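Let's take a walk through a protein model together.

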Amino acid sequence: MNLIDFDGMPASYRVYGGSAGRKNGIQYDGKNYLIKFPGSTSEMQNVAISYTNSPLSEYIGSHIYEILGIPVHKTLLGFRNGKIVVACEDFLSDTDHLYEFAQLKVTFTPHFVDSNGDITNGTGTDLKEILLTVEQHDMLKDITGIEERFWNMFVVDALIGNPDRNNGNWGIILHADKSFSIAPVYDNGNSFNNKWDDEKMVRVMSDHDMLKNEASEGKTCVFTMKKKRINPYHLISGMEYEGCNEAVKRLVPKMISEFDVMVQCMDEIPESFKNLTVMTKVQKDFFVLLIKKRLEDVFKPVYEELKNK
């Protein structure tokens, strides 16, 4: 696998939001791309690396979505200005408009409160409120597959360890003809412990309890219930939500059958390119071990129990 040289690519003059690191809009191969740079960790405590591995995490996380058959933005790995970067193809045409879930949620005045019994202002991440918004919002309730997409993302984000699928990084597209479609999955840069260095990964891999904690037991996501962040693996194992159960039944057979393809996706990434470190062997071993352990400890047992019900 050769990384792409994005130096000197013409600017697209398209502007992209978000707070996770520096971004450039460029044109490559006749299409618009968003270049994402690794974010600096200089202001973070207890981090030994200088920059996050977010471009690498975005690339691998997005490709795992693709391998599992879920629409996702196209990503390319390369370098620009002396840094490893990921290029994310712009999935919007000039006449399209992206409505992120956060924008839709605050326009909805539901007749319900959150899981804690509080009336909310619409900006929160309470799971009960999110699901009711998906079910009842006038712009969402008639779009086929919205709830299915939410739970698909919930399950795959749990597999790749992405804790940051918040209200601002998924949504729908309004087209020029006033029709709507679900946006492809995007913004997967927080997958696979993107702020960890090799030393920490080695330490966790060599300790059974630390590995179990990192793979599932000690993890939370942004969604909350009763004002507490949810452990996605506990929610999946609890089998309380039918939409989540259906996503497990859809996706776990693919996770199993395509496991070697996911590993190959990582194996194809070089350890270095033009004197730049791309992906170390420790990272590859750690990432593969994480998804394997999550499959064995969480996804397969839940799938087998659901299949036999």
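Arg 14, Asp 90 and Asp 94 are joined in a network of salt bridges. A salt bridge here is a side-chain nitrogen of Lys or Arg within 4 Å of a carboxyl oxygen of Asp or Glu. Before going on, note that this is a predicted model, in which local features need pLDDT of at least 70 and side-chain atom pairs count only at pLDDT 80 or more, while totals for chains, interfaces and linings use all residues. Residues are numbered from 1 along each chain as its sequence is written, and side-chain values use heavy atoms, leaving out hydrogens and water.

How many salt bridges does this rule give? The count comes to 15. One of them pairs Lys 105 with Glu 129, with 3.4 Å between the closest N and O atoms. This pair links distant parts of the chain, since Lys 105 sits in helix H2 (residues 101-105) and Glu 129 in helix H3 (residues 127-136), 24 residues apart. Helices are DSSP runs of H or I with at least four residues, strands are runs of E with at least two, and both are numbered from the N terminus. Lys 105 and Glu 129 are both buried, where buried means under 20% relative accessible area, exposed means over 50%, and partly exposed lies in between (1.4 Å probe, protein chains only).

Now find helix H4, which runs over residues 146-160. Its 15 residues reach 21 Å from the first C-alpha to the last, close to the 21 Å expected at 1.5 Å a residue; the expected span is 1.5 Å times one less than the number of residues. Because 13 of the 15 residues of H4 are buried, this helix is largely enclosed by the rest of the structure. Just after H4, Gly 161 takes a positive phi of about 70°.

Glu 148 and Arg 250 meet through their side chains at 3.9 Å, N to O. That pair connects helix H4 with helix H8 (residues 242-257), across 102 residues. Glu 148 is partly exposed, at 40% relative accessible area, and Arg 250 is partly exposed too, at 30%. Asp 157 and Arg 165 form a salt bridge at 2.9 Å, N to O, and both of these residues are buried.

Finally, look at the strands. E2 (residues 23-28) and E3 (residues 31-36) pair in the antiparallel sense over six bridges; two strands pair if DSSP finds at least two bridges between them. Gly 25 stands opposite Leu 34 in E3. The hairpin has two residues between its strands, and Asp 29 there takes a positive phi near 55°.
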